[in-house]
Amino acid sequence: MTLLQVEQLTVAYGSAGKGVKAVRGVSFQLEPGEFLGIVGESGSGKSTLGYAVSNLLRPPGQVVGGRVLFDGKDLLNLPKRALKQLRWAELSIVMQSGMNALNPVLTIKRHFEDTILSHATMPSRDIEARIRELLGMVEIDPAFMHRFPHELSGGMKQRVSIALALALGPKLIIFDEPTTALDVVVQRSIVQNLKALQRQHGFAALFISHDLGTVLEIANRVAVMYAGEFVEVQDAKKLLQQPMHPYTQALLKCFPDPQTERLEITGIPGTPPDLKSPSPGCPFEPRCTQSMPNCRTVKPTFVDLGGTGVACHVAVIGAAGGTAHE
Ligand SMILES: Nc1ncnc2c1ncn2[C@@H]1O[C@H](COP(=O)(O)OP(=O)(O)OP(=O)(O)O)[C@@H](O)[C@H]1O
Ligand SMILES: [Mg+2]
């Protein structure tokens with residue numbers, strides 16, 4: 001059974017939900033154990049989507065359309081108690097500033113105790129053993145459980161946040177930029193660690209990042225987000241080899257690919273659109289090097305091409321065997 005089904009989810013910031021639409025009709029499915037990467041520039045709505053999917057959105061953010069089914073349950077309309085039971089135990093989130101989310105006056109051990117005891121009763125000896133096991137999983141010496149967050153490095157705090165998210169064996173973990181604030185060596189080691197943990201424990205994940213290289217390394221499938229919408233969803237390997245959307249193609253040129261020895265990097269000229277006044281056409285059109293006349297006036301809809309999908313007039317013509325797409 002599908003673990004997560006997101007249907008036409010729309011989120012707005014502003015009074016009575018009339019302000020900026022930061023997530024616009026996003027739909028996708030996630031199967032048990034699947035790792036979906038969500039990639040896009042800053043402000044494209046990735047965190048908003050992560051919060052909305054886990055029903056953690058706070059005002060002025062508001063879901064103004066769509067629904068989220070988690071394990072068949074209507075997550076956005078669950079009673080508070082049911083939602084509380086579900087958090088950590090079935091669905092957990094590692095926040096964008098996760099390493100700063102630890103409480104500075106509590107030891108690492110207390111963080112785990114609070115999380116575990118909020119859902120289960122367990123003798124203190126068993127809890128301690130479980131904390132040792134969890135810290136071991138994220139490659140932290142269990143002796144650190146007696147320390148306070150300020151006594152740990154940024155990378156260690158992020159690992160603790162990940163271990164907390166794993167503590168009750170959830171079916172789904174949402175990672176919002178879990179490695180962005182860290183140096184590349186620590187980033188890499190955490191990503192490798194996450195991959196191994198996922199293989200061992202089989203949880204499904206939404207892995208949000210603006211770093212396509214990291215996402216391609218860790219995810220089975222990738223959703224590319226632009227101006228609040230999914231513009232391409234594709235198997236990770238295929239996305240690297242045959243990106244369909246011009247935005248995805250441009251993103252791929254933003255990082256070096258050591259495998260093809262392509263080392264030149266080009267940025268994407270221009271800036272994302274102002275979400276307050278969306279144009280009638282494709283939101284990427286002003287920055288697109290392949291645009292056609294109707295791209296300015298007709299908004300492309302997301303076309304499902306059987307497990308993958310794209311929202312682009314040019315790419316759809318290309319997929320149908322036309323000549324407009326290189
Ligand atoms: N608290 C808020 N109040 C008003 N608007 C907001 C708020 N938070 C986000 N937004 C709007 O939603 C858009 C998407 O923000 P979001 O944080 O989801 O983007 P993101 O893709 O996670 O960016 P980043 O890569 O910088 O984390 C922003 O461009 C902004 O216009
Ligand atoms: Mg974000």
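Mentor: This is a predicted model. Start with helix 3, whose buried residues pack against helix 4 and helix 5.

Trainee: Which residues of helix 3 are buried?
Mentor: Ile108, His111, Phe112, Glu113, Thr115 and Ile116.

Trainee: What does Glu113 pair with?
Mentor: Glutamate 113 makes a salt bridge with lysine 109, and their closest N and O atoms are 3.7 Å apart. Both residues sit in helix 3, which covers residues 108–117, and they are four residues apart, about one turn of the helix.

Trainee: Back to the packing. At what angle do helix 3 and helix 5 cross?
Mentor: Their axes cross at roughly 20° and come within 10 Å. That angle makes helix 3 roughly parallel to helix 5, because anything under 35 degrees counts as such. The crossing of helix 3 and helix 5 is right-handed.

Trainee: Which residues meet there?
Mentor: From helix 3, Ile108, His111, Phe112 and Thr115; from helix 5, Val160, Ala163 and Leu164. By class, this contact between helix 3 and helix 5 has five nonpolar residues, two polar and no charged ones.

Trainee: And helix 5 with helix 6, how do their axes lie?
Mentor: The axes of helix 5 and helix 6 (residues 184–201) come within 11 Å and cross at roughly 15°. So helix 5 is roughly parallel to helix 6. This crossing of helix 5 and helix 6 is right-handed.

Trainee: Is Leu166 buried or exposed?
Mentor: Leucine 166 is buried, because its relative accessibility is 6% and the cut-off is under 20%. It belongs to helix 5, which runs over residues 154–166.

Trainee: What does leucine 166 touch, apart from its sequence neighbours?
Mentor: Beyond the neighbours within four places in sequence, leucine 166 contacts Arg130, Leu134, Met137, Ile173, Leu197 and Phe203.

Trainee: Arg130 is charged. Which residue does arginine 130 form a salt bridge with?
Mentor: With glutamate 133, at 3.3 Å from N to O. Arginine 130 and glutamate 133 are three residues apart in helix 4 (residues 124–137), about one turn of the helix. Arginine 130 is buried at 19% relative accessible area, while glutamate 133 is partly exposed at 44%.

Trainee: How many salt bridges are in the whole structure?
Mentor: A search finds 15. One of them joins the side chains of lysine 299 and glutamate 229, at 2.8 Å from N to O. Lysine 299 is in the loop between helix 9 (246–252) and strand 11 (303–304), and glutamate 229 is in strand 10 (residues 229–235), so the pair ties together parts 70 residues apart in sequence.

Trainee: Which residues other than glycine have a positive phi?
Mentor: Among them are glutamate 139, with phi near 60°, and alanine 227, with phi near 50°. Glutamate 139 lies in the loop between helix 4 and helix 5, and alanine 227 in the loop between strand 9 (221–226) and strand 10.

Trainee: Buried or exposed, those two?
Mentor: Glutamate 139 is exposed, with a relative accessible area of 53%. Alanine 227 is buried, at 9%.

Definitions and conventions:
Residues numbered from 1 in each chain as written. Chains lettered and ligands numbered in written order. Predicted model: local features only at pLDDT ≥ 70, side-chain atom pairs only at ≥ 80, totals over all residues. Heavy atoms only, no water. Helix = DSSP H or I, 4+ residues; strand = E, 2+ residues; numbered from the N terminus. Buried < 20%, exposed > 50% of the residue type's maximum accessible area, 1.4 Å probe, protein only. Contact = heavy atoms within 4.5 Å. Salt bridge = Lys/Arg side-chain N within 4 Å of Asp/Glu carboxyl O. Axes fitted to C-alpha atoms, helices over the stretch in contact; angles between N-to-C directions. Parallel < 35°, antiparallel > 145°, perpendicular 65-115°, else oblique. Left-handed = near helix turned anticlockwise from the far one by under 90°. Nonpolar A, V, L, I, M, F, W, Y, C, P; charged D, E, K, R; others polar.
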